[in-house]
Structure formats: C-alpha cells, structure tokens
Amino acid sequence: MTSRLAGRWQDAARATGLLRPDGTVASTIFAEMTALAARTGALNLGQGFPDADGPGDIKAAAIAAITDGHNQYPPGAGIPELRQAVARHQHRHYGLDVDPDTEVLITTGATEALAATILALAGPGDEVITLEPFYDSHAASIALAGATHVTVPLVAGPHRFALDLAALEAAVTDRTRLILVNTPHNPTGTVLTRAELEAIAAAARRSGAIVVTDEVYEHLTYGADHVPIATLAGMAERTLTISSAGKTFSFTGWKIGWVHGPADLVTAVRTVKQFLTYSSGAPFQPAIARALDDDAAPRALAASLAARRDLLVAGLQSAGFGVVVPQGTYFVVADGAPLGFDDGTELCRRLPELVGVAGIPVSAFCAPGSPTAAVLASRVRFTFVKSEATLVEAVGRLGQLGRLRGTV
C-alpha cells in the first residue's frame, strides 16, 4: 500500500528527515521536544513563540473588526488597506516603491507565501538554493515542487555565522531557478552583510535566478543593519520579498504574511495561493494594517529582546556552552561540545530530564547527513522570546550541566 501512495509528500518528509525506513512519517523534532517539555514540566526554550501577546491596541483593533463584521472571506489578494500599509512600510523603512494593487499579496503567514512562491516558480529540473542551516518548511516546499534542493553553508565563527562565498559561487549554475535567502537568519541569528548580499545578487544576475527572501525577523536585530536584497542595484525586478506580522508584533497565531515584488511574479504566486487558502484572517488584516503604520512597537520589542538575549547568552556561557552571539531573530545557537555533549539531538532529548529545559538541535535545520549537519552536530538552538523570569529560571537550571559534567 505504501508504495502505491508514494508521492511528493514522501519527498517532503524525506527532505526534512522525517521519513522512516518503513515508509511512515515521524513527528518533527519541534513536536517531539514540545511534547517532551510538556510531559516533564521543562521550560520550553525550543519552539520560538512568545509567552506574552503583542500590543493591546492591536488586539483591540482585531476585536473591533470582528464586532464590525469583518468575518467573511477577504479579497484573495488581501484587503486594500493592508496591501497599502505593506507598501508604505517598505517605502518608509527601505525606500522601495511598491504598487499595492499589483505588487503585494497577503498570505496566511510567511510559510504560505514561501510555499506558494516555490510551487509557482520551481519544478522538476530546477534547482533551488537555500542557506544551510535552513528553516524546515523551505526544504519541504522545494520537495513538494519536485525541484532539487541545493544548500550553501553558513560557517560558524567566533562572532557570527558567515556565508561561504566560494560555496555560493560553485552552487549557482544555469539550473538555478530560485535563491532563497533568509536574513535575519533562523536558527543561527546571523544578519547577512551587504557584501554577502551583493555576492548573492551577482550570482542571481549571472545565472538568471529569481531571489526569494524570508525576512520575518526584519525588525528584530541588535546592532546589525538588515538590508533587504531588493534594495540593491538591479534586484527589485528579480526579487520576491516575504515577511509577516507574527514575529514583529508577537501575534504568531494570527498568520498574516505578505509577499511583494514584480507584478508578473506576484501574479504567479497568487495563482497558486488561491488554491491553498484562497484567503484568511479577515478580522486580523485591518488590525495589522493599523499596526504596520506604527514603528514604536517593533522598536520596543527589539530593545526588550536585546536585553533578554544578553541574559540567556551570559547564562549559557556561564554554564560552559560555546555561544555565537546572535545579531538578530530571537534564537541563540549554543555548542554543547565544551560540556562533553557531541550530539545535540541526544542532548536535547536528555535536557528536560537532566535540568528541566528544552531546546532544538541545530542538525534539525540541515539536510539529513549533510556536511553542515555533521559540523553543527553538537549545537542546540534556544529561544529568548520568553519572559525575563522564565529565562532567569532557565539559566539557573542550565548552570547545573557544568556540575553534572562527567556524570551523564
């Protein structure tokens, strides 16, 4: 029976390391760690969701929208007010001129925008390049499209994860259809430099590839400048920029995202998107339209997260982990090797019982068996998008690992 049912879903499961030898599909490491944290009562620093909601006035706007009757299907492209707000946001922050009527599409979060984009623009015989480590939905969407996934590693240094420029040059060929760029980057927390982005842009122009960007952490940076690749010379006409409101405003469950770029490319994405969700988030769209015109909330969140990042980083370093301090997002990558833990997956499975904290192995963000997965095998991703009290407690618990060294 399994062989008769084989298809792209199995390709997606295989690409994310979830396909078992018997053809069944395992739970994701995210689901496994969340369940383990719940079962043991561990503090969950694995999954990246805030433990507090975003601004009250944005919630009030959504409640008002429900009361005012915004409860039926919104337009497939998104309500005009939100598309206009996205265009204003891009011009105000980055100087990009975007036509809200033809160059903006509202989606069910950035995940749908990415899936619809890859399904619309890539297929069998095409290659799609991503950074490695990569967010798991990137690999799954590429597999569902029947395209070939090619990765370019981010290399850990003492201060940041840096793009391997030689590997990029070798990876981009005339078979490259899309280059998917995630910056600020999950899980490493790196923010690609202008020089790194210029190298990607040059490779895209040389090969004729389209660049797709995942910029959901665009406002959550700490001393590093986020540069959208669409702002570089000659790139607006060959870039689809994707972001969302979930991370910026701490409403991850609302699933309001968007993609903007050249009208013909956005039309292609909309053609696929209409057969996925068609439309969603009716009362949330006007609330996010209002939110996007207010830059104070993202600034306040970034400042708060910077302090919480420093708290967690200091605690991890004190516990004996090797740490690359993140420049953005709300994740930090810690190396368990100095503590004697060479297998990050095994460490994550034991952490809840050992000290009552849950994390995610960085190898879960790599292609199964890849050289990058091997290099980063001892690394674990923790999130600091939790309350200060939770992080203080987590740091105290993680400090026990040093005392346990040699006994586990």
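At the start of helix α13 (residues 344–354), a side-chain oxygen of Asp 343 lies within 3.0 Å of the backbone nitrogen of Thr 345. Such a polar contact is a pair of N or O atoms within 3.5 Å, of which, within protein, one must be able to donate a hydrogen and the other to accept it, and residues adjacent in sequence count only if both atoms are side-chain atoms. The model is predicted: local features need pLDDT of at least 70, side-chain atom pairs count only at pLDDT 80 or more, and totals for chains, interfaces and linings use all residues. Residues are numbered from 1 along each chain as its sequence is written, and side-chain values use heavy atoms, with hydrogens and water left out.

**Helix α13**
- Helices (H or I, at least four residues) and strands (E, at least two) are DSSP runs, numbered from the N terminus.
- Gly 344, Thr 345, Leu 347, Cys 348, Leu 351 and Pro 352 are the buried residues of α13; buried means under 20% relative accessible area, exposed over 50%, and partly exposed in between (1.4 Å probe, protein chains only).
- Seen down the helix axis, these buried residues fall within an arc of 160 degrees, so they line one face of α13; the arc is that of the directions from the helix axis to the C-beta atoms.
- An α-helix has 3.6 residues a turn, so residues three or four places apart point the same way.

**The four-stranded sheet**
- Four strands form an open sheet with antiparallel pairing, in the order β10-β11-β14-β13; two strands pair if DSSP finds at least two bridges between them.
- β10 (322–324) and β13 (360–361) are the edge strands, each with a single partner, so one side of each has no neighbour in the sheet.
- Three bridges join β10 to β11, and Gly 322 stands opposite Asp 335.
- Six residues separate β10 and β11 in their hairpin, and Thr 329 in the turn has a positive phi of about 65 degrees.
- Five bridges join β11 to β14, where Arg 381 is the bridge partner of Val 333.
- Two bridges join β13 to β14 (residues 379–383), with Pro 361 partnered by Val 380.

**Burial of β11**
- In β11 (residues 331–335), five of five residues are buried.
- Phe 331, Val 333 and Asp 335 lie on one side, and Val 332 and Ala 334 on the other, so both faces are covered.
- In a regular strand the side chains alternate between the two faces of the sheet.
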